[in-house]
Amino acid sequence: MERRTREASRVTAVLGPTNTGKTHLAVERMLTARSGMMGFPLRLLAREIYDRVVRLKGESAAALITGEEKRIPPGAKYFLCTVEAMPLDLETEFLAIDEVQLAADRERGHVFTDRLLHARGTRETMLLGAESIRPRLRELVPNAEYIMRPRFSELRYLGAKKLPRLPPRSAVIAFSAEDVYALAEQMRGTRGGCAVVLGALSPRTRNAQVAMYQAGEVDYLVATDAIGMGLNMDLDHVWFSAGRKFDGENPRALTAAEVAQIAGRAGRYLRNGGFGVTGSLEGFDDTLVEAVEAHRFPTLSTLYWRNAELDFRSLQHLLRSLDRPPHLPGLRRKADADDHLTLLALARDDEVVRRATSRDTVRLLWDACQIPDFRKTLADAHFKLVKDIFIRLADQGDLPNYWVGTHIARLDRVDGDIDTLTSRISHIRTWTYIAYRPGWTDDSRGWQERTRAIEDRLSDALHERLTQRFVDRRAAALYRESRPGEGARISVEPDGTVFVGGHAIGKLEALHFTPEGGQGGTGGLTAGAAKTLGAEVARRLVQLEQDDDSAFALALDERSPERIGTLSWRDQAVARLIAGDGLLKPRLRLIRVDLLDSAQKERLRRRLALWLSNRLTEFLAPLQRVEALGTNPTLRGLAFQLGETLGLVPRGRVQGLVSRLTAEERALLRSIGVRLGQLSVYVKPMLMKERGRLRTLLFSLAHGTEVPAALPGRSRVSVPHDAALPDEFYAALGFVPLGARAFRVDVAERLAAALRKRARLGPFPLDSELKSLGACKRPDLLAAIAALGYRPGNETGEPVFSASPRPPKDARRKTRRHDTPRLVDPDSPFAKLVALKSATATRR
């Protein structure tokens, strides 16, 4: 396109700091003309001014033109655009470019410089910006007239404040989405929440967030430096959480002009404003502060520029024209713009080069390279998308509807978290840009409407997610109710419901406050509220100390696996069992006790420890009955081994002890629940009901093994055998591993006994009784029988089994008379008891 500058129009440069009314003046001037156009640095700002013009002149008079959105009604008079999207072939009486000092910006400066040189209204042109660009304007636009605008209000430095002590109507500034989200999380905890503004937000999401702030639903705003570009809000203070930003190449310190641009959002019109630092930033140096307060900044020495008169005769001619050096002083060639880098990448692709052979196809390739990557990554995926679009346009003339529809349909989902929705919005913005390119699709209007509708749905969902994550409306109301001078009207009902000013804000459950919305904690409570709730918690703690053991319970029910190991008082969780110094010495970790001080926590810990001690004593009762029979070394040794494994030990480990038992001793053991099986020796009461579940929990804690999501109940005959888990873990469950499955110990014993009975008579088939005992699939039962030491014969059809020449490995292990019992836990009660009795016997 031929470039020409309309020098006949009057050019006025309106320069000054923020809050000088430059943009307001330009809008007023434009609306007095028969037609006008304004270019803005941000899509958000273009949309804000567009909405203002619509309110003043009606929707039919205003057009909105950005890279990915075009609302151009027939007969539109006023065009509000991003600088990149300004239609320079459209003549208007008035034309303005906002924030012209961005011509010195490394990323986008070449676009602003191009508009400075070439964009003109037929009657009047206004250049709006900071005074620092004045020397460069005198060189580039020598005929410009100057209007210097003073700031309407004062801007003062406030020093440093901690985040929780920031005053209302404050904005906190960060320079990455991650930092914005982290600060917003903190603001939710200390002040009930905040609105969030980032450049990546769609106008719809941003407007919803700002409306929430402007309406007073929240008193704080966390934003990137995007708010520094003319976004006007009711701010009294701006606080910087960092003094450095990433400029596209490297992290660097903020300049005084950048600080002023952002801080200038505070104290709009005649109301004075302040700026300061918070978080880890200790402060700004005196020189920077003086420059910001006095609005004195170094002049810009260099503006970025790129040749706009491109040569499309061939791909090489286009590349050379992009490399052309500037012809005016004070300009620096922009060599790494996104579209240029995309072109360089595709110029190395053979498929692209074969098609880019004429003026039209080279121009088409350049148009495709200008498809924006709103994710700002310029990854291979973006290059591939641009390549695919160019090839389809070059070969077919337009993009097939099915192909466009497939890509767009993937984005029409509102599930996912904040990052997922933000990414989808970036993608759909790219497709909106494509839909607005003339001639690229055969149903441009249809695709435009669909992509805008998807963006609106995604934007609404993103606003909802941001509000859910960063705003606690009840805590925000609580904070406002409890401000100094207003008094905290807080009450706690008998059922624990907490009211503030007549509104329920949450519930006090046991010793823990849970706000309505589900997330617990006291971060959203003010000091007055915490004091009121603290008195109620103190009363409840006294009640907890006085209650008997029946008021407490340890969760062992497999129907609620997430609660296993949780200790509750009156059905409300107060602690969780964690690993301690031994199998029978678990520790307690207090939970949901946000409102307790250290002394109160210690009182709670003592009472819970007493309950746990009583519970373990009750749990060990069957083992204590076994230990009480220890009138000789054999019984004492067997009691020790059963105690170390909480009631179940492989038969081979204690075979030597079992073989020395008399008939009377065997009968005595059986009378108290001890079973001397072929595979295991076990105390039956220790495996029943809750004792079995507690055994599993204690073993899991002591050995760092995860408690199964669903503990097998007594009705389960077998469970899959995970070879990665030790056999001791299955023993803790009351199961014996046999091949591919682990069988409940009594079932395993009955199966072993049935096999042994049959083997005495010779080879035997797999009959219905054995199948019923195993109660599992045929391959698993065959593996279990093999694990018990039986081998199938050579007959065809149903296998016939006979005993192996050698018994199973575990059954062959015997305990010699002089063997020392293996100590699993030297500090366990059983180990100490055996040591004490041995010492007593020695003294005798």
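A: Helix H5 is followed by Gly192, whose phi is positive, near 85 degrees. The model is predicted: local features need pLDDT of at least 70, side-chain atom pairs count only at pLDDT 80 or more, and totals for chains, interfaces and linings use all residues. Residues are numbered from 1 along each chain as its sequence is written, and side-chain values use heavy atoms, with hydrogens and water left out.

H5 spans residues 177–191 and has 15 residues (helices are DSSP runs of H or I with at least four residues, strands runs of E with at least two, numbered from the N terminus). From its first C-alpha to its last, H5 reaches 20 Å, close to the 21 Å expected (1.5 Å times one less than its number of residues). Its buried residues are Val180, Tyr181, Leu183, Ala184, Met187, Arg188 and Arg191 (buried means under 20% relative accessible area, exposed over 50%, partly exposed in between, with a 1.4 Å probe and protein chains only). These residues cover an arc of only 165 degrees around the axis, which puts them on the same side of H5 (the arc is that of the directions from the helix axis to the C-beta atoms).

Val197 is buried, with a relative accessible area of 0%. Beyond neighbours within four places in sequence, Val197 is in contact with Arg206, Val210, Leu221, Val222, Ala223, Thr224 and Ile227 (contact means heavy atoms within 4.5 Å). The C-alpha atoms of Val197 and Ile173 are separated by 9.8 Å, although these residues lie 24 residues apart along the chain.
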